[in-house]
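Hi everyone, thanks for coming. Please take a look at the model on the screen, and I'll walk you through it.

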Amino acid sequence: MRLRVEFTTEPFDLDEAPEHAVVAREVIQSAELDAVDVGPFGNTAEGDADAVLTAVDALLRRSLAAGATRVSLQVNVLGEES
């Protein structure tokens, strides 16, 4: 099964990326995921279900430890590839 995760961390800072946002992006970029897209207002990544769920666990733990006061995320099951 493949999953897509979309997430944001708060609080926002329009002047520079807060530490919790940097940490969250590092987690996703270093995970064994594909179709990673990081941006100032949202981030997405796709991959095997186990890899996505492992990355989400690390994302939550590390971004909260780095000062995030809220993490919004959505996980979608993707259709089977042909």
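I'll start with the overall layout and then turn to two residues.

A quick note on the ground rules: this is a predicted model, where local features need pLDDT of at least 70, side-chain atom pairs count only at pLDDT 80 or more, and totals for chains, interfaces and linings use all residues. Residues are numbered from 1 along each chain as its sequence is written, and side-chain values use heavy atoms, with hydrogens and water left out.

How many helices and strands does the chain have? There are 2 helices and 4 strands; helices (H or I, at least four residues) and strands (E, at least two) are DSSP runs, numbered from the N terminus. Their order from the N terminus is β-α-β-β-α-β.

Next, burial. Of the 82 residues, 32% count as buried, meaning under 20% relative accessible area, while exposed is over 50% and partly exposed is in between (1.4 Å probe, protein chains only).

As for contacts, meaning heavy atoms within 4.5 Å, residues 24 or more positions apart account for 67% of those with a separation of 6 or more.

Now for the two residues. Please find Pro11, in the loop between β1 (2-10) and α1 (19-30). A cis peptide bond joins Glu10 to Pro11, with omega about 10°.

And where is Ala35 found? Ala35 sits in strand β2, residues 34-38. Its phi is positive, about 55°, although Ala35 is not a glycine. Ala35 counts as partly exposed because its relative accessibility is 47%.
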